[in-house]
Amino acid sequence: MIDEKILVWRFNRGSKDALKMLYEKYKDDLLGLAITLLRDRSLAEDVVHDVFVSFAGTTGSFRLSGTLKGYLSTCVANAARDRNRSRSRRDVGLEAAEAMDCDSGDPVEHAIDSEQSGRLMQLLGHLPYEQREVVVLHLHQEMRFKEIAEALGISINTVQSRYRYGLDKLRSIMNSMVTK
Amino acid sequence: MKPTKNIEEFVKLEKPHVTTGETMDKRTLNDSFAAMDQTIRAKKRSTAGIRSRAAKLAAAAVIIVAIGLLMVYRNPPLPQQPPRTVNVAKSPAEMLTAMSLNLAWRRGGIEAVDEQSEKAFKVLGSQPAEASIQKLLVELNGV
């Protein structure tokens, strides 16, 4: 936490090393969030790229309230929502989970990761975007409901109800999968 | 399937672990550095602009003050003379006394003048030893 504040302070002083370290620290996590939300790796990469470029543009005037992870996650969620709205209404489909192919080094690790995350992606793919967003921000990004409500500009009750409906739907899908 | 019992744990555990590619890293960092440089340049320009504006204002203020001082030294203001007072009448106390005595004379003759003069002396708070009705009449009539 202190390291993060020092990095942010250095970033505000125009240190490119600090920016690079911040990027290295959060890039994978943010890309995972964007992929989970958009279910499209190439779009997700664009979102993370745009978020970092716009973050870099705030050097000298960036004021951190809360955690940087929370701030960047909010930016990614907002940018992903914009992308989700603007992209054509084509059905992303369950096979979009395959789009998570990445150029990570170890093929075995990649295969395991793909299988695990593919299962979750399949499930989350059944949720409406709003519910998926809240579930992922709370469970993956460890953001509190209050933070999510502030970030998305909605009431905390709405956040909680979306979360509850999302989990109920996931549970019913999984139950139906088990009975089959 | 256990995750059905604890769906939250399942979602947490199944969090996708993805890694960014080298191409993406390079593209993002290069663009971020460019954005950072652009912001820093813009801020420097704006700071320089503010400084130059402040310098212009300071120079203008110095010129105005210098002109003011020059004008003051070239045309020094005339020394102010104390206002003259012209004595056009006697003092109010005297006037009042004379007037009241005149009125008193018209009203009730010498007794009224005497009584009035006594009152006037009381009001003025001083009673000259040589003051008398004769003297007052001389002052009143000018004879």
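1. Helix 3 and helix 4 of chain A are oblique to each other, a word used here because angles under 35 degrees count as roughly parallel, over 145 as roughly antiparallel, 65 to 115 as roughly perpendicular and the rest as oblique. The two helices of chain A, helix 3 and helix 4 (residues 68-86), pack at an angle of about 130 degrees, with their axes 9 Å apart; axes are lines fitted to C-alpha atoms, for helices over the stretch in contact, and angles run from 0 to 180 degrees between N-to-C directions.

2. The model is predicted, and local features need pLDDT of at least 70, side-chain atom pairs count only at pLDDT 80 or more, and totals for chains, interfaces and linings use all residues. Residues are numbered from 1 along each chain as its sequence is written, while chains are lettered from A and ligands numbered from 1 in the order in which they are written.

3. As to the overall fold, chain A has eight helices and zero strands, helices (H or I, at least four residues) and strands (E, at least two) being DSSP runs numbered from the N terminus. Buried residues make up 37% of the 180 residues in chain A; a residue is buried if 20 or more other C-beta atoms lie within 10 Å of its own, exposed if 12 or fewer, and partly exposed in between, with C-beta atoms placed from the backbone.

4. Leaving aside neighbours within four places in sequence, A:Val51 is in contact with A:Leu30, A:Leu72, A:Cys75, A:Val76 and A:Ala79, contact meaning that the C-beta atoms of two residues, placed from the backbone, lie within 7 Å.

5. Between the chains, 39 residues of chain A are in contact with 28 residues of chain B. Helix 2 of chain A gives the most to the side of chain A that touches chain B, with 10 residues, and the residues of that side divide into 18 nonpolar, 12 polar and nine charged. Here Ala, Val, Leu, Ile, Met, Phe, Trp, Tyr, Cys and Pro count as nonpolar, Asp, Glu, Lys and Arg as charged, and the others, Gly among them, as polar. A:Gly57, in the loop between helix 3 and helix 4 of chain A, is in contact with B:Ala35 and B:Thr39, leaving aside its neighbours within four places in sequence.

6. A:Arg39, in the loop between helix 2 and helix 3 of chain A, has a positive phi of about 60 degrees although it is not a glycine, and A:Arg39 is buried, with 24 other C-beta atoms within 10 Å. A:Glu142, in the loop between helix 6 and helix 7 (145-152) of chain A, has a positive phi near 55 degrees, but A:Glu142 is partly exposed, with 13 other C-beta atoms within 10 Å.
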